[in-house]
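Hi,

Here is the structure I promised to pass on. Could you have a look at it when you get a moment?

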Amino acid sequence: MAQVLAASGLKVWMTSRHQDTLDRAKDAISIAVRGMLENNLADENYLGRVWDNLQLITNDHIPEIADKMDIVFETVVENKDAKREIYSLLDRYCRPDCIFASNTSGMDIFSVTAGIVHHPERQIIAHWFNPPHLMTLVEVVCGEKTSAKTTSAVRSLLKYVGKKPAVWVPELAAE
């Protein structure tokens, strides 16, 4: 996901609690980009954009950059406590208009973060299909409090980076 966003010219900070996780992510991105280059799915400009726009940092640096973030794509392991921990940190330091997009595929992130995320209108699920640098579909799920502005912004961003958002809105599903 970070690769796709960075290759599209967006400034990206990939974070993790552990440096070794970031090191493995960097290696995985290098392998993915090399495969794309070998299969003529990308060129050297793509490679340059990825590494020019991507910074890898540990979570303890989030307070230093949080005010610069417009959207966060959360990809934390499917563990409620781990998700609550990162959302607590993000909610404390990010601007009230920063969008929180979870990549969860089966967890009700909205109930997991209830009482932690103080602006639930900015929270949404954006579940990227794997591998994200090749698959175009992204499942977008709105919570009961997700605003139309958040939904529109996420859809626009996903389209900008070459993805096809499939949006599910709870109140429309009931009709």
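Below are some notes on a helix pair and on the aromatic pairs. Please keep in mind that this is a predicted model.

Let me start with the helices. Helix 2 (residues 19-38) packs against helix 3 (residues 44-53) at an angle of about 165 degrees, and their axes are 10 Å apart. Since angles over 145 degrees count as roughly antiparallel, helix 2 is roughly antiparallel to helix 3. Their crossing is right-handed. On the helix 2 side, the contact is made by Lys26, Ile29, Ser30, Val33, Met36 and Leu37, which meet Glu44, Tyr46, Leu47, Val50 and Trp51 of helix 3. By class, the residues of this contact are 8 nonpolar, 1 polar and 2 charged.

Now to the aromatic rings, where the count comes to 2 pairs. Phe73 and Trp128 have ring centres 5.6 Å apart and planes at 90 degrees, so this pair is edge-to-face. The two residues sit 55 residues apart and link distant parts of the chain, with Phe73 in strand 3 (residues 71-74) and Trp128 in strand 5 (residues 123-128). Phe73 counts as buried because its relative accessibility is 16%, under the 20% cut-off. Trp128 is buried too, with a relative accessible area of 2%.

Tyr87 and Phe100 also form an edge-to-face pair, at 5.8 Å centre to centre and 65 degrees between the planes. Here Tyr87 belongs to helix 5 (residues 80-93) and Phe100 to strand 4 (residues 99-102), 13 residues apart. Both Tyr87 and Phe100 are buried.

Best wishes

Key
Residues are numbered from 1 along each chain as its sequence is written. This is a predicted model: local features need pLDDT of at least 70, side-chain atom pairs count only at pLDDT 80 or more; totals for chains, interfaces and linings use all residues. Side-chain values use heavy atoms; hydrogens and water are left out. Axes are lines fitted to C-alpha atoms, for helices over the stretch in contact, and angles run from 0 to 180 degrees between N-to-C directions. Helices (H or I, at least four residues) and strands (E, at least two) are DSSP runs, numbered from the N terminus. Angles under 35 degrees count as roughly parallel, over 145 as roughly antiparallel, 65 to 115 as roughly perpendicular and the rest as oblique. A crossing is left-handed if the near helix is turned anticlockwise from the far one by less than a right angle, and right-handed if clockwise. Contact means heavy atoms within 4.5 Å. Ala, Val, Leu, Ile, Met, Phe, Trp, Tyr, Cys and Pro count as nonpolar, Asp, Glu, Lys and Arg as charged, and the others, Gly among them, as polar. Rings of Phe, Tyr and Trp (its six-membered ring) pair if their centres lie within 6.5 Å; planes under 30 degrees apart count as stacked, over 60 as edge-to-face and the rest as tilted. Buried means under 20% relative accessible area, exposed over 50%, partly exposed in between (1.4 Å probe, protein chains only).
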